[in-house]
Amino acid sequence: MLLKDVVCPYCACLCDDLDVTVEGNRVTGVDNACDLGAHKFQAGNRLPGPVRPTEKGWDRVSREEAIGFTVDMLLSADRPLIYGWSTTSVEAQSLGIHIAEEIGGVVDATTSVCHGPSILAIQEVGHPGCTLGQVKNRADVVIYWGCNPIEAHPRHLSRYTMYSDGFFLENAFKERTLIVADIRPTESANVADEFVHLKRGGDYAVLSALRAIVRGKTGSIPSHVAGVSRAQLLRIGEVCKNAKYGAFFFGMGLTQTVGKYKNIRNAIELVDELNRHTKWTLTPMRGHFNVYGFNEVCTWVTGYPYAVDFSRGMAFYNPGETTAVDILARKECDACLVVASDPAAHFPRAAVEHLAEIPVVQIDPVVNATTAFCDLQIPVAVTGIDAEGTAYRMDGVPIRAKKILDLGYPADSEILREVYQQIRDRKKVREVKPV
Amino acid sequence: MTELLLRNACVIDPLNRVNGDVMDIAIRDGWIVESVGNGAEVIDARGFLTLPGGIDSHTHICGTKVNFGRYMMPEDMRAGRTIRKGVMHATSGYSVPTTYGNSYRYSAMGYTSILEGAMAPLEARHTHEEFSATPLQDTMANTLFDGNWPVMEAVKEKDVKRAAAIVAWTLAAVKGFAVKLTNPGGTEAWGWGKNVTCIRDPVPHFEVTPAEIIETLIRANELLRLPHSVHLHCNNLGAPGNYQCTIGTFDLVPDLNKERQSLYATHVQFHAYGGTSWKDINSKAEPVAYSVNRKPQIVIDMGQMMFGKTTTMTADGPMEWNLYRLHHNKWSNHDVELETTSGIIPVYYSKKSLVNCVMWAIGLELALLVKDPWQCLLATDNPNGAPFVRYPEIIGLLMSKRYRDEEFRTIHPDTGKRVILDTLDRELGWHDIAVMTRAGQAKALGIAKIGKGHLGVGAEADIAVYPIRIRDTDPSRDYAAVVSAFQRTAWTIKRGRVVCRDGDVVVEGTNRTIWANSRVPEAFDMGRDPEFVKKFDRYYTVRMANYPVQDAYIPRSGCIESEAVL
Ligand code: SF4
Ligand SMILES: [Zn+2]
């Protein structure tokens, strides 16, 4: 059976135009996707059911026992952490946030180790953004800064920028100018009209130089800024000012290098400055397909995009204090529920070491690095393959990911709903008749 | 079957011509009925003022830009925190509360239905997700068509029916309630960093004018027999001298519907400025109100501004950019392909700012100068003029000349030279307020016929009981008591259940979404129109099949059906 317009649950390009062939409850063909997306549809490696590690290997446990264990662990913890969320649905994320609220725990997402700095910058100066179709239809100048879309978001160029014809650009490839800024020549740099090859840690200085140029203060620019020549900077400044519509994309090469959120703030202020001349927008290249969804739902439920601590009953947000890595590294956390992510593969050592010390339950379809640290893993359906649910594209457009297979696994939202319900039952949360 | 009897209620129910009678209200399974049995639960309202549940016909509470306001402003989130308690979730936020914060605070004020003022169709799913987390009100979404490419193409071809067909397809696809135009044409121009100044400026590339967009959509709206009229945020918001643009826009409006207005003009305070610059800005509430008084086909809301901190957020992206260059605070913008845009900046309205004082006066002047309260509804364009929790103060100001005078003495001393507020003696009565906060909204939105905004038999049992006895209260003198009564109901009843008691929410609730589905003849089904489909595929970045909001997002659907006449 050929399914049209399937949504890819891999990266935050969230391509929704895939043709997927399903035969006998198995994906036999994926068209339109890039290799990363196609591979996800065909990946195996699923655990058959909930397991607990023992000395000799793994013991299967029933779903009821698994949920009971999770509830006990969360209710008996003093400082529980609920973490992950980038590869599941908004529906599951919302439940996770409410579980944290109910038990007075901390809820955080992979955001705190990827685009957390972008959010901090946005909270200082705002965010001039747009949906990706605005770029596709209008942008004649596109900048990728500290990101390599050809490898990390392979269809970004063909769907939204370089190779995508739009309403006001009939031959996008010819009419667009592509600028790539990075510390090494990436594949994306190879296809750029201008490659800004900057020295490691030089992003802030180069962005500052561009801001000065756009403001007309060219006299103060030295012959080289972080390895970039004055001539190139002046040239780029002109291209940016003369754009009809410019789009600035940036990735973890800018958020996680020296300067962190200050870099993003500088980039946003450059875009603000450019808006005094022409139209410019800026978009973070969010990674996993629904990492942005977590930020959205966490914001409408708690007021904050990530790193929320409910230990005092209200929502409290202080990244650096209430972020997962910090709570683990300070050895505060005494139980951790991991959903739809792999912290053991990405966290700094001190945080991972503490994970090994405390009870951990992981809700995830596949065996990953965190599995080795788990006291229990509950395998669930993969959102976008055997479970449906909402995901937010990197630009904030929400799309419903589809269920195209039924492999008998529960969605993580089902497991989390049961956990939430049992916690509420145990805490006797109920409506009262007013007098 | 559940039955409830609300006894000794002092009822003002303008749609049923009830004005202050003490009576009992019988409720069965969420609806108002003639009578209930002896087993019914009884609430003694003790002669308290009892009104249909409040309805906000223009507020920003859910969706992409609202959430971005929260996202970019942790300082605002910290300014309004409550803890998890009973059935209540933790809440955050003062000017842009979290969804539960909105829902609980509106409920405490007796509001049971609210309309989100601006939803971009492409991002409708987001609005509906937040609606689902707004459990104590029925919600509706104004759907943005101001920069809609297919609509502008139809306008250019002078094809009203095609414009209507596009609107019908879109509303049904995104479960929208009404047609919203925010700075029509200007939001498309903003795609190039430009704007239109008034209704006769052409939109770049599309070569249509705002006037043509407005006129075409007013006619299209009526062809579709939609419950609400076109809902317009006029061009040139917030600019000195813009009142002429506003009046020019009102002059475009034909009278096409006997049951309600043909145009709802929102937050008119922001559109009633005289002068040529910030230096000589003054009130033009008088000519604007005069225009409304002569045109029964127009209903406005005040867009009242109140002093203090808040956040401005609107689909009017270019206006927010201008505001940003004035205030130099933080600025967010979000353009939506083929449809619209939006912008957000935080603001502080100060009594020391003459401009702000003039704005404050204009909103009140409009409400006092428009003769018929059914034509001027109470709203702040929450949170643009002020957060909705300030409504009770506005009620107090409208009911008490003394309160206005006292406030007037505390504001910028030159204000009196720019406004006429201090010369207006009118004091609105309880009935006027009931019209301006629920009955008028129900009529203007076209939802009285589904049982909203009144308390007659057959109405939905959405009721607010305020802890005040109107016979013992002189609002002119006791305005503080009036303000406090409207801040917190004794009981808010939603769908026949007490949901909020003395400010505490007591049930979890479930949201219902009211949306409009106008059935068009097959020839006008845009889902099968080759030109529409082709352009959709080519220029949107979401596939047409994935664009409509799935039923899963509407846990409780209140669809208002109509038959289009095309
Ligand atoms: S670009 Fe991203 S979303 Fe698109 S197909 Fe590849 S992995 Fe999937
Ligand atoms: Zn508004």
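Q: Hi! How many residue pairs are in polar contact between chain B and chain A?
A: Hello! In this predicted model, the count is 41 residue pairs, both partners at pLDDT 80 or more.

Q: And what classes of residue does chain B have on the side that touches chain A?
A: That side of chain B has 29 nonpolar, 19 polar and 20 charged residues.

Q: Okay, how many salt bridges cross the interface?
A: The rule finds 6 between chain B and chain A. One of them can be named: A:Arg393 pairs with B:Glu337. Their closest N and O atoms are 3.9 Å apart.

Q: How many residues of each chain are in contact?
A: On chain B there are 68 residues in contact, and they meet 75 residues of chain A. About 5900 Å² is buried between the two chains, with carbon and sulfur atoms giving 53% of that area.

Q: Which strands pair between the chains, and in which sense, parallel or antiparallel?
A: Strand β8 of chain A (residues 128–130) pairs with strand β16 of chain B (residues 332–335). The sense is parallel, over 3 bridges. Within that pairing, A:Pro128 stands opposite B:Asn333.

Q: New topic: what are the protein donors of the zinc ion, ligand 2?
A: They are B:His58 through NE2, B:His60 through NE2 and B:Asp381 through OD. These donors lie 2.0 to 2.1 Å from the zinc ion. Their spacing in sequence is H-x1-H-x320-D.

Q: So what does the pair B:His60 and B:Asp381 tie together?
A: Parts of chain B that are 321 residues apart in sequence, because B:His60 lies in the loop between β6 (54–59) and α1 (64–71), while B:Asp381 lies in the loop between β18 (376–377) and α13 (391–399).

Definitions and conventions
Residues are numbered from 1 along each chain as its sequence is written. Chains are lettered from A and ligands numbered from 1 in the order in which they are written. This is a predicted model: local features need pLDDT of at least 70, side-chain atom pairs count only at pLDDT 80 or more; totals for chains, interfaces and linings use all residues. Side-chain values use heavy atoms; hydrogens and water are left out. Contact means heavy atoms within 4.5 Å. Buried area is the accessible area (1.4 Å probe) that two parts lose on being put together, summed over both. A salt bridge is a side-chain nitrogen of Lys or Arg within 4 Å of a carboxyl oxygen of Asp or Glu. A polar contact is a pair of N or O atoms within 3.5 Å; within protein, one must be able to donate a hydrogen and the other to accept it, and residues adjacent in sequence count only if both atoms are side-chain atoms. Ala, Val, Leu, Ile, Met, Phe, Trp, Tyr, Cys and Pro count as nonpolar, Asp, Glu, Lys and Arg as charged, and the others, Gly among them, as polar. Two strands pair if DSSP finds at least two bridges between them. Helices (H or I, at least four residues) and strands (E, at least two) are DSSP runs, numbered from the N terminus. Donors are N, O and S atoms within 2.8 Å of the metal (3.2 Å for Na, K and Ca); water is not among the atoms, so sites may look incomplete.
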